[in-house]
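The report below is meant to be read alongside the sequence and the coordinates. It takes up a cavity, the strands and their pairing, and a few single residues in turn.

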Amino acid sequence: MRILKLTLIATLICLSCSWAGAQEVFTNDSIPYSLELPSASWRAVSEPDAAHEHLEFVNGDRLDGFLQIRKEMVDSGMTVEDVLRRDRDQKFRFFPGFVEGKEEKFSGRLNGVVGTYEYVKTGKPMLGRVYYLQADPRTVYALRFTGLRDKLMRIRNQTDLIARSFKLK
C-alpha cells in the first residue's frame, strides 16, 4: 500500500511539472504587461505597433479560442462591474442570439470581474468570456475570449490561467 501511495505521489509530481513547464511567458517591449500562455497552441496573431497596443492570440484556430486584449481608460470612480455592464449593454447585446451569462468576481495578479455571454455566429453557438482587470482607478484591461461554446467551455482553466497571470511590468 505504501509503494502505491509513493508511486501515485511521484506520478502527480511529474504531471504537474510537465504541465507547468508547458507554460510560456509572453511579453513585448511595446506593451506594458506580460502574461503566461498555458500551451504552445496559443500563439500571437497580431503584434502591437506604435499606434496600437492591441494584442490578439488564437488557440490553434479562432473557433477553438480567440483572445483580444484591450486597454480602456475609464472615468474616475467607474468600477470594473460598470465597464462590464456598459460593454454588455452597448456591444454584446446586439450580437445575434445574445444570451446574458454570469458575472463573477475574479482574483489574480490584478483583480476584477469576469462576465460571460452566448451568441450565434454563422449558425454556430459561440461563447464570450471577458475578464475586466483593474490596473488603477482609471485603467481597465479587458481580456476578451471568444470561441465555439463547447470548445471555450472546455478550456476555461486556460482562460483563467491567462487572466490570473496577466501583470503589469
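In this predicted model, strand E6 supplies the largest share of the lining of the largest cavity, namely four residues. That cavity has a volume of about 80 Å³, and a search of the whole structure finds one cavity of 30 Å³ or more. Of the 13 residues that line the largest cavity, those closest to its centre are Leu84, Arg88, Gly115, Thr116 and Tyr117. Two or more lining residues are given by each of helix H2 (80–90), strand E6 (99–106), strand E7 (112–121) and strand E8 (124–136).

Phi of Thr122 is near 50°, which is a positive value in a residue other than glycine. With a relative accessible area of 72%, against a cut-off of over 50%, Thr122 counts as exposed.

**The chain as a whole**

The secondary structure of the protein chain comes to four helices and 10 strands, and from the N terminus on these elements follow the order α-β-β-β-β-β-α-β-β-β-β-α-α-β. Of the 169 residues of the protein chain, 41% count as buried. Among the contacts in the protein chain with a separation of 6 or more, 45% are accounted for by residues 24 or more positions apart.

**Strand pairing**

Strands of a sheet pair through backbone hydrogen bonds, in either the parallel or the antiparallel sense.

| Strand pair | Sense | Bridges | Partner residues |
|---|---|---|---|
| E1 and E2 | antiparallel | four bridges | Val25 and Glu36 |
| E2 and E10 | antiparallel | two bridges | Ser34 and Lys167 |
| E3 and E4 | antiparallel | four bridges | Trp42 and Asn59 |

**The three-stranded sheet and the end of the chain**

Strands E1, E2 and E10 make up an open sheet of three strands in the order E1-E2-E10, with antiparallel pairing. Strand E1 (24–27) and strand E10 (167–168) stand at the edges, each with a single partner strand, so one side of each is left without a neighbour in the sheet. Helix H4 (residues 156–165) packs on this sheet, where it touches E2 and E10, and the direction of H4 makes about 155° with that of E2. Strands E1 and E2 form a hairpin with five residues between them.

The segment after E10 contains Lys169, which at 56% relative accessibility counts as exposed. Although Lys169 and Thr27 are 142 residues apart in sequence, their C-alpha atoms are 9.2 Å apart in space. Leaving aside residues up to four places away in sequence, Lys169 touches Thr27, Asn28, Asp29, Ile31, Pro32 and Tyr33. Of these contact partners, Thr27 lies within the residue range of strand E1 (24–27), and Tyr33 within that of strand E2 (residues 33–37).

**A buried strand**

How many of the five residues of strand E4 (residues 55–59) are buried? The answer is five of the five, so strand E4 is largely enclosed by the rest of the structure. The burial extends to both faces of E4, with Leu55, Phe57 and Asn59 on one side and Glu56 and Val58 on the other, all of them buried. The list of buried residues on E4 thus includes the charged residue Glu56.

Methods: Residues numbered from 1 in each chain as written. Predicted model: local features only at pLDDT ≥ 70, side-chain atom pairs only at ≥ 80, totals over all residues. Heavy atoms only, no water. Pairing = 2+ DSSP bridges. Contact = heavy atoms within 4.5 Å. Axes fitted to C-alpha atoms, helices over the stretch in contact; angles between N-to-C directions. 1 Å grid on protein atoms, 1.4 Å probe; cavity = no way out; pocket = protein on both sides within 12 Å on 5 of 7 lines; lining within 4 Å. Points joined across faces, edges and corners; volume = space filled by probe spheres on them. Buried < 20%, exposed > 50% of the residue type's maximum accessible area, 1.4 Å probe, protein only.
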